Amino acid sequence: MVAESLGSYHLMHLENVLSDLAALAANESTRPEFNGKPQLIHDIATNLQNGTSKVQFQCLRVLGNICADNNINRDLVMQDEVFAQALKSSLSAAGEQNKTIKHTSIIVAFNFCNDYESAQKYLIDNGFVTVFFDLLDQLHDEDISEYIMRILDMLVLNESMSEDALPPSALHSVIQAIDHSSMAEYSILITTVLSYNSFRLRAIEDNQFDLRKLCALYEIMAQSVEAEDNCDTLKDILGTLADISGVDGFIDKVSWDHDLVQLWRRWILKDGSGSGVCSLRTAGLTVLGNLALNEDACIKVVHDLQLHKDIIGAVIMMSSAPELHAAGGFLKNLSISQENKRLLVEANAFAAVKKIINEDISPQVVFSGLSVLRQLVINSYENARDLAKSNAENGILSRCLEIGQKSDEKALKIETGRLLCEFIRSTARLARTNELLLFLTGAFSNDIAQVKLLFEIILRLLLDQDQGSTFIPGTMTAWSLFAQCQEAKMLLVALLDERNDLTDRLRQLVENPQVSREVIMSIDAIFVVLGYPRKGP
């Protein structure tokens with residue numbers, strides 16, 4: 001029978017009494033006897049705070065055992081006003097002679113909060129997070145450090161955790177404590193700490209020590225035989241690296257001649273098709289892509305670093321949606337600059353685009369490829385010409401028409417229409433001659449049905465009430481160019497005769513007060529050239 005308190009026991013016998021209580025608490029069948037004894041818990045916590053080292057050790061044994069998998073006892077412990085300070089004191093005990101007290105206190109804390117969110121919140125609210133991070137820095141015993149890491153793992157994931165509860169050294173402490181063998185187990189702890197912006201900023205401060213080690217551990221894991229078993233971990237770390245590279249100040253702290261940039265560039269060129277290698281390539285593309293967000297950086301990437309050649313060459317090896325999507329996004333950013341467009345095409349960017357848009361992995365991947373192609377032909381007659389001339393060999397334009405015609409994804413249909421609009425606008429120098437239709441039919445091996453399909457895809461932008469205000473100017477420019485070519489004009493007349501909804505939409509736009517004067521003038525010009533009345537019958 002467990003006593004209600006320790007008050008009836010003489011101090012001389014207290015150590016033995018506590019030892020007997022610890023043995024009872026260790027037994028699952030007798031552990032419930034401690035339920036509903038708040039005075040006993042209070043007496044044990046008081047002796048933990050004030051007793052001799054031997055009494056303190058036995059108090060810790062009792063507390064650790066009664067809290068093991070017993071939420072009723074844990075709740076009793078939380079209700080005691082002495083427990084928090086007593087446990088904090090024993091965790092902070094100094095000196096080699098108190099090593100056992102400190103280690104035992106860590107195990108007590110683990111038993112107290114293991115799989116019990118209320119107890120975890122209690123530790124957070126009472127300032128134990130900083131205590132455990134300090135212990136992680138101080139103690140280098142592998143077994144006891146594992147308990148600390150497991151406690152921190154639970155606390156950091158608790159919904160009560162906040163950025164303010166973490167000490168400034170939290171990231172460094174965790175990074176220092178892990179190696180490649182424990183990376184998978186504690187990756188969530190790392191990524192959760194780095195989900196807070198202040199710690200992302202700390203990761204890029206000074207010599208980026210913590211970021212360097214994180215990248216090194218990530219690379220080891222990605223290339224290990226266990227990579228396939230750790231796909232979720234690799235994905236989480238990849239996302240974290242992307243978040244770090246997206247913080248304000250990243251570009252200022254990590255220059256293009258930084259050794260980390262060389263590491264990330266090597267990742268892009270990793271050969272292989274396993275999930276680990278794919279993750280590395282995706283990470284390299286994502287992080288470096290976040291360094292190239294302004295035009296000057298994009299020009300430097302292409303003209304000075306020749307990084308575009310690495311990306312284009314790497315696309316051929318890629319097989320996963322994330323890396324192809326990341327490559328497409330990077331190439332799109334690079335191709336926005338007018339100074340880069342021609343160099344990208346000369347480096348075989350069309351081959352990379354072909355790979356991206358031919359992979360039916362996800363609509364997002366295909367969309368990124370279409371966006372690259374659109375940027376490459378904007379205001380570039382040479383690129384538009386090469387795209388048309390190479391279609392017979394690589395089928396890129398034909399594939400775009402297929403996407404625009406058959407895809408169920410509205411975003412893909414719209415992006416295809418935008419691409420084709422820019423393609424036609426970039427061939428404007430042919431628009432006032434009979435060469436235009438010849439140029440287009442030649443691109444599709446003289447298949448006039450393909451040219452007609454191209455017209456229809458562009459016109460779908462006009463039929464989309466939601467997208468019209470954004471894309472009508474470009475669409476109308478493309479159409480006004482078509483209408484100047486005699487043979488194209490005949491084709492357009494036939495097309496409009498078959499599609500009343502298209503002419504109705506044009507007339508509707510003319511009457512819309514929100515449509516710009518430029519667009520209205522283009523529509524009027526088209527009606528005049530095609531011989532259609534501005535207003536319907």
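User: What share of contacts in the protein chain between residues at least 6 apart in sequence join residues at least 24 apart?
Analyst: The model is predicted. Contacts here are those between residues at least 6 apart in sequence. Of these, the share joining residues at least 24 apart is 73%.

User: How many helices and how many strands does the protein chain have?
Analyst: The chain has 537 residues, and 55% of them count as buried. Its secondary structure comes to 0 strands and 32 helices.

User: Is leucine 397 buried or exposed?
Analyst: Leucine 397 lies in helix H25, which spans residues 396-406. Buried means under 20% relative accessible area. Leucine 397 has 0% relative accessibility, so this residue counts as buried.

User: Which residues does leucine 397 contact, leaving aside its neighbours within four places in sequence?
Analyst: Leucine 419 is 22 residues away along the chain, with 9.9 Å between the two C-alpha atoms. The contacts of leucine 397 beyond four places in sequence are Leu387, Ala388, Asn391, Leu420, Phe423, Ala443 and Phe444.

User: How many disulfides does the structure hold, and how far is the nearest cysteine sulfur from cysteine 67?
Analyst: The structure holds 0 disulfides. Cysteine 67 is in none, and the nearest cysteine sulfur belongs to cysteine 113. A disulfide needs two cysteine sulfur atoms within 2.5 Å. The distance from cysteine 67 to that sulfur is 9.9 Å.

User: What is the relative accessibility of cysteine 215?
Analyst: Cysteine 67 is buried, with a relative accessible area of 1%. Cysteine 215 also counts as buried, because its relative accessibility is 0%.

Definitions and conventions
Residues numbered from 1 in each chain as written. Predicted model: local features only at pLDDT ≥ 70, side-chain atom pairs only at ≥ 80, totals over all residues. Heavy atoms only, no water. Buried < 20%, exposed > 50% of the residue type's maximum accessible area, 1.4 Å probe, protein only. Helix = DSSP H or I, 4+ residues; strand = E, 2+ residues; numbered from the N terminus. Contact = heavy atoms within 4.5 Å.
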